[in-house]
Amino acid sequence: DQPLAAGWPADLLQMASFVRPLAAFYAAWDRLDYKAAQKVTLPAVALRPSIWDTLVPSETVREWVSNLAESFPTENKDRAARLRSLVADLLANGERRLRDQQFEDAVIRAYRVLELIGQIRLFDHDLDSAALPPVHPVVQKFQEELQKAKSAPLGANRSGQLVAAREQVARLLKRLGDPFGQRLIDMGNQGVVKPSVRNMSVWIHGFEAVSGSDPQPLRALYADLQKFIEDDGGPQAKHRLEVARSL
């Protein structure tokens, strides 16, 4: 936010004025501050041809960021649609963390992607993991099963509706006949996203990194998450990933 240096050559000032908003846009997008990115006044083209011209966001990219900056929808079907864009953006964000060897950050993003896929599938069933109706027959039966097995039951919010954690969401999806239910259960119990491992991350409750220094397990995890996203999102999923990765 500092002013450009006085006394710079005119051509350098001109180029700096062109590049700075581009940097601000991409920096805000990368830190998931879509509203800040949307507010950046972007240049159309440079005053003269330049290699920097390739950094001017396309209309597709601007629309992508603008959509992610909008308020979260109130209807479950619209929430699912929004989150399918967000989950692609988070996967691409995590891939950049992995590329830059920020492995612990990549773990946290991977877990959130896995959690979001479950929430998306639940929204498709017109159910919200943070506000499950206790009278819904499948939800009610699931709660009874948890209590009978002396497992941790579904929580409750201030409105008296039930709340499901990530693993509970996956198990509920399985009871709803969703093909992703078992897949989410299986994947959630493997590697660094397994709760007993992930919770020990320095970013969660632990005192040291859990990701290690070998990127290969994380690369395999991200490949599996990409497959999840593509299987869930259908033909549009690859397009969403392409736009998200353009950053």
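Analyst: A salt bridge is a side-chain nitrogen of Lys or Arg within 4 Å of a carboxyl oxygen of Asp or Glu. This is a predicted model, in which local features need pLDDT of at least 70 and side-chain atom pairs count only at pLDDT 80 or more, while totals for chains, interfaces and linings use all residues. Residues are numbered from 1 along each chain as its sequence is written, and side-chain values use heavy atoms, with hydrogens and water left out.

User: How many salt bridges does a search of the whole structure find?

Analyst: The search finds 16 salt bridges. In one of them, glutamate 145 pairs with arginine 175, and the closest N and O atoms are 2.7 Å apart. Glutamate 145 belongs to helix H6 (residues 137–148) and arginine 175 to helix H7, so this pair links distant parts of the chain, 30 residues apart (helices are DSSP runs of H or I, at least four residues, numbered from the N terminus).

User: Which residue forms a salt bridge with aspartate 30?

Analyst: Aspartate 30 pairs with arginine 96, with 2.8 Å between the closest N and O atoms. The pair joins helix H1 (residues 10–30), which holds aspartate 30, to helix H4 (residues 76–99), which holds arginine 96; the two residues are 66 residues apart. Aspartate 30 is partly exposed, because its relative accessible area is 24%, whereas arginine 96 counts as buried because its value is 9%.

User: Which residues are linked in a network of salt bridges?

Analyst: Arg84, Arg121, Asp124, Asp178 and Asp232 are linked in such a network. Aspartate 178 lies in the loop between H7 and helix H8 (180–188), and arginine 121 lies in helix H5, 57 residues apart. Both aspartate 178 and arginine 121 are buried.

User: Which residues line the largest cavity?

Analyst: A cavity is a set of points on a 1 Å grid over the protein atoms alone where a 1.4 Å probe fits but cannot get out, and lining residues have an atom within 4 Å of a point. Leu114, Glu115, Gly118, Arg166, Val169, Ala170 and Leu184 line the largest cavity. Helix H5 (103–124) and helix H7 (166–175) each supply at least two residues of this lining.

Technical notes. 1 Å grid on protein atoms, 1.4 Å probe; cavity = no way out; pocket = protein on both sides within 12 Å on 5 of 7 lines; lining within 4 Å. Buried < 20%, exposed > 50% of the residue type's maximum accessible area, 1.4 Å probe, protein only.
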